[in-house]
Amino acid sequence: MAKNLALAAALVVAMLSLAAANTYTTTITTTIDDIDNPGQQQQCQRQLQGRRFQSCQRYLQQGRQGGRDDSEDGELVLPAESRGEQSESLRQCCDELRQVNERCRCEAIKQAVREQQQEGGGYRGQEFEEVYDRARNLPQRCQMRHPRQCQLSGVFL
C-alpha cells in the first residue's frame, strides 16, 4: 500500500511538472484608435467638432512639397529652407493633438487628413505613401505614449 501511495504521489508530481512546463503567457495588444465603444465615439465626435487641426494639416501638406525620403526612420528629408517650417508645424501639430483625449487622437489625425484632402485634392502614388506614413506615425513623432501609431484605414480617398 505504501508503494502504491508513493507511486501515486510521484505520478501527481510528474503531472504537475508537465503542466507547468507547458504553460505559456499570451500578450494581448490592443489599439485605442479603433473606437468600438459607441459612448467613446460620441465623446470623440463632440470633442473634435468644430476643430480643424490646421497645424497638422500643414505638417502633412509639407510631405507633398517635393522632398526626398532618405532618412532612416522614413521621415521625409526636405530642402534646408523647409526644415524649419516642418519642425515648427510638427511642434504646433503635437500641441493640437495633446489638447485631445488620447483615445481621440487618431480620430483627430483622420479628421486632419480628410480636411486636407478636401482642400487639396486626393493623393496619388508615392505622395499617398508619404502622407499616410506621416499621419500614421504622428503620435510617435510627437513622443506620445498612447497611441504610438494610428490605423488610418478608410480615411484616404
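What share of the 157 residues in the protein chain is buried? Buried residues, meaning those under 20% relative accessible area, where exposed means over 50% and partly exposed lies in between (1.4 Å probe, protein chains only), make up 36% of the 157 residues.

1. Basis of the model. This is a predicted model, in which local features need pLDDT of at least 70 and side-chain atom pairs count only at pLDDT 80 or more, while totals for chains, interfaces and linings use all residues. Residues are numbered from 1 along each chain as its sequence is written, and side-chain values use heavy atoms, with hydrogens and water left out.

2. Elements. The protein chain has seven helices and zero strands, where helices (H or I, at least four residues) and strands (E, at least two) are DSSP runs numbered from the N terminus. Read from the N terminus on, the elements therefore run α-α-α-α-α-α-α.

3. Contacts and surface. Among the contacts (heavy atoms within 4.5 Å) with a separation of 6 or more in the protein chain, 73% are accounted for by residues 24 or more positions apart. The protein chain exposes about 10,200 Å², and carbon and sulfur atoms supply 49% of that area; accessible areas come from the Shrake-Rupley method with a 1.4 Å probe, and for residues only the protein chains shown count as cover.

4. The aromatic pair. The structure holds one aromatic pair, and this pair is formed by F128 and Y132, which are stacked at 5.9 Å centre to centre with 25° between the planes. By the criterion used, rings of Phe, Tyr and Trp (its six-membered ring) pair if their centres lie within 6.5 Å, and planes under 30 degrees apart count as stacked, over 60 as edge-to-face and the rest as tilted. F128 and Y132 are four residues apart in helix 6 (residues 125-136), so about one helical turn separates them. F128 counts as partly exposed at 29% relative accessibility, and Y132 is also partly exposed, with a relative accessible area of 23%.

5. A charge over a ring. R134 lies over the face of Y59, at 4.0 Å from the ring centre; a charge sits over a ring if NZ of Lys or CZ of Arg is within 6 Å of the ring centre and within 35 degrees of the ring normal.

6. A search of the whole structure finds five salt bridges, each being a side-chain nitrogen of Lys or Arg within 4 Å of a carboxyl oxygen of Asp or Glu. R91 forms one with D95, the closest N and O atoms being 3.0 Å apart, and these residues are four apart in helix 4 (residues 80-98), so about one helical turn lies between them. The side chain of D95 also meets that of R98 in a salt bridge (3.9 Å, N to O), the two being three residues apart in helix 4. R91 is partly exposed at 42%, D95 at 33% and R98 at 44%. E88, R91, D95 and R98 are linked in a network of salt bridges.

7. The side chains of R136 and D133 meet in a salt bridge at 3.2 Å, N to O, and both residues lie in helix 6, three residues apart, which is about one turn of the helix. D133 counts as partly exposed, at 28% relative accessibility.
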